[in-house]
Amino acid sequence: MSQLDYHNDTLTFGGQALTAIAERFGTPCYVYAERVLTEAYTAYRDAFASLDPLICYAVKANGNLSILQHFARLGAGFDIVSGGELARVLAAGADAAKVVFSGVGKTADEMRMGLEAGIHCFNVESVNELVRLNQVAGEMGRRAPVSLRVNPDVDAQTHPYISTGLKDNKFGIAFDTAFDVYREAAALPHLDVVGIDCHIGSQLTDVTPLIDALDRLLALVDRLAEAGIVLRHLDIGGGVGIRYTDETPPDLQGYADAVAQRLAGRPLRLVMEPGRSLVGNAGVLLTRVEYLKLGEAKNFAIVDAAMNDLLRPSLYAAYHQIVPVVRHAHLPPMKVDVVGPVCESSDFLGKDRTLAVKEGDLLAVLSAGAYGSTMASNYNTRPRAAEVLIGVDGQPRLVRARETLEALLANERALLETH
Ligand code: LLP
């Protein structure tokens, strides 16, 4: 991770000692570095510069308002999947005209919200959704801009839970029927058919499946043009994978060049929806060791962060590096499972890690900026962690206060009182 260094055996991130962050804001705590967010965004912008793409940051990766605001200021659009995410991006000052609305189950209310706001387009995933959107738009006296999410049936070669472009995934419109669905869409009076999109999976470390998907989409674009349906944009879906441990992320420029070569001479605006690669390595989860539990079969470092804070290891067996915030020269390393206090054996952040730790030490779980805080829950009535953003000036700012127990109970308490 860039911006992460030891100075005199103390880990710093974005120029700040993580010991100082823990002291000031407590643990568990997500810490983000603004500089890394900017670097990640500009890497996309620069690599794809010749295509002047609309880069729609996928809010689901990390929806913190300050992060959204930062990307909005850099000129990003947003990929949203719910009315809640729409409210978030609008609150962060996003330009609605740069928002694409993905997702397989949009409600009529969410469609209304999108139309009201004037979003760039709805990425539609089924015929029934087209029919509903047409009706909602008609009732509002509007035309809804639509793109069809085509399922290209290519194997993204990633974890099955985050693979989305295969025939048996719930996502998108089957490639073989897409042409007919476009004709149906074009015939609906309150829809404006403007684009095509796909998303085949996340954490891709090879771009070949992405390019295969693009080729399939372009063949369909040509066939549609011959039938008089001329599309204005092509949305290639999510971004590339990141380095969690020893992965080699694809070369962004190589990917961009391959896309540019295929789009050359076509009047199609490129849209993309990267999430993980814009925020993943811009964040760490800071946690403190509460207990060491040393046993015959296993040693455990029981920390104050848990699966409710960072679900990825439990859900996908995802690997996140875990490093000490203060390096002890004289403490012997041992093999430990780093686990949380939640009452589940699946509550672990890392297994069989070699660490020199003692009780009270701070640990940093790396590459936790994407799908970390957004997938957090209140399981075991654990308040959600604080979030801190370290600015380019090196100054930390609290961008999400630690949830209070009072707030956690508030909705239920109100109901109790009515009985
Ligand atoms: N667009 C659509 C329609 C998506 O479904 C996704 C992610 C993205 C864009 C962003 O893809 P990215 O650039 O982040 O690869 N929770 C899982 C990841 C789920 C991804 C779902 N879709 C994880 O923690 O690995």
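What volume does the second largest cavity have? The second largest cavity has a volume of about 30 Å³, where a cavity is a set of points, on a 1 Å grid over the protein atoms alone, at which a 1.4 Å probe fits but cannot get out, and a volume is the space filled by probe spheres set on the points, these being joined across faces, edges and corners. This is a predicted model, in which local features need pLDDT of at least 70 and side-chain atom pairs count only at pLDDT 80 or more, while totals for chains, interfaces and linings use all residues. Residues are numbered from 1 along each chain as its sequence is written, and side-chain values use heavy atoms, with hydrogens and water left out.

**Cavities**

- Lining residues have an atom within 4 Å of a point, and those of the second largest cavity are His 199, Ile 200, Gly 201, Leu 210, Ile 236, Gly 237, Gly 238 and Gly 239.
- By class, this lining has three nonpolar, five polar and no charged residues, with Ala, Val, Leu, Ile, Met, Phe, Trp, Tyr, Cys and Pro counted as nonpolar, Asp, Glu, Lys and Arg as charged, and the others, Gly among them, as polar.
- The largest cavity, with a volume of about 50 Å³, is lined by Tyr 30, Asp 309, Ser 373, Ala 376, Arg 384, Ala 385, Glu 387 and Arg 400, which divide into three nonpolar, one polar and four charged.

**Ligand site**

- The ligand is surrounded by 19 residues (a heavy atom within 4 Å), and the closest are Ser 202, Glu 273, Arg 312, Tyr 316 and Tyr 371.
- Among the polar contacts (pairs of N or O atoms within 3.5 Å), an oxygen atom of the ligand lies 2.7 Å from a side-chain N or O atom of Tyr 371, and a nitrogen atom of the ligand lies 3.2 Å from a polar side-chain atom of Asp 79.
- Domain 1 (4-32 + 280-410) and domain 2 (103-272), with bounds from an automatic or database domain assignment, both contribute residues to the shell around the ligand, so the ligand lies between them.

**Second largest pocket**

- A pocket is an open set of points with protein on both sides within 12 Å along at least five of seven lines, and the second largest pocket holds about 440 Å³ of space.
- Its lining comprises 25 residues, of which Ile 242, Arg 243, Pro 249, Ser 277 and Asn 281 lie nearest the centre.
- By class, the lining of this pocket has 15 nonpolar, eight polar and two charged residues.

Note on methods
Polar contact = N/O pair within 3.5 Å; in protein donor to acceptor, adjacent residues only side chain to side chain.
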